Amino acid sequence: MSDNLTNGVVESPDDEETHAATKAAVFGAAERLFALHGFQNVSVRDITAEAGVNLASVNYHFGSKDALLFEIFRRRTGELNRERARMLHEANDRHGGKPPVRDILEALFAPPLRWADPANDRRISVQFIIRARSEGTAEMRDALQNDVSHLARFAEALKAARPDLPPESVYWRLHFVLGMVHNNRFVEFDRLHHLSGGLTREGDVAALLGRMLDFAEAGFLAP
């Protein structure tokens, strides 16, 4: 039986575990490096050195650096949005298909907030997604701008929870609370801590989620 040689990487067709392990190592190393140092500051050589694999592994397993970036982005945003969808589904079940505003917003806020907890390994994934919003490839920017299916279910739930509001108002309020998600991160609290003279130090996910929900719920319940 012969091995397959592609781009300088030898892969045995019977060695699926090695193949998967190499691909996972490249994926994990790339995600960490991109999240910590930025997309433009990390080379293919940096990734393979970090992963401890052959220099050709990125092209062999993903096709290119940009394709690797998009695969990380696609997988992590998919995981995050599935977690949100699950929480929204559970809220629907608890309230007979008509969850209140606070439960809808909790399903939107809680997953990224928990991922961003400094004690959670998922924080690297959140940092990567944040980088994608400002440094992403054209393919990422297109997905961020046009793939709104995961938000549509929240918009519909919020319109049902506030049928008295014009739909336009619901969409604007959803836009504003999404700004809270994108900018309310543990790593950015030092500025607020200095502004408040030390009154606002917050390291607890549950407490921070409660603060966010109090504020956002009030906004949605306003006339």
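The largest nonpolar core here has 30 residues. A nonpolar core is a set of buried Ala, Val, Leu, Ile, Met, Phe, Trp, Tyr and Cys residues joined through side-chain atoms within 4.5 Å, and buried means under 20% relative accessible area with a 1.4 Å probe, protein chains only. The residues with the most contacts inside this core include Leu105, Leu108 and Phe220. Helices α4, α5, α8, α9 and α11 each give two or more residues to the core, and α5 gives the most, with eight.

This is a predicted model, where local features need pLDDT of at least 70, side-chain atom pairs count only at pLDDT 80 or more, and totals for chains, interfaces and linings use all residues. Residues are numbered from 1 along each chain as its sequence is written, and side-chain values use heavy atoms, with hydrogens and water left out.

Let's look at Leu105. Leaving aside neighbours within four places in sequence, Leu105 is in contact (heavy atoms within 4.5 Å) with Leu158, Val177, Leu213, Ala216, Glu217 and Phe220.

Now for a helix pair. The axes of α4 and α8 (lines fitted to C-alpha atoms over the stretch in contact, with angles from 0 to 180 degrees between N-to-C directions) come within 10 Å and cross at roughly 25 degrees. The two helices are therefore roughly parallel, a label for angles under 35 degrees. Here is who touches whom:

| Helix (DSSP run of H or I, at least four residues) | Span | Contact residues |
|---|---|---|
| α4 | residues 65–94 | Asn81, Arg84, Ala85, Leu88 |
| α8 | residues 149–161 | His150, Arg153, Phe154, Ala157 |

Technical notes: Parallel < 35°, antiparallel > 145°, perpendicular 65-115°, else oblique. Buried < 20%, exposed > 50% of the residue type's maximum accessible area, 1.4 Å probe, protein only.
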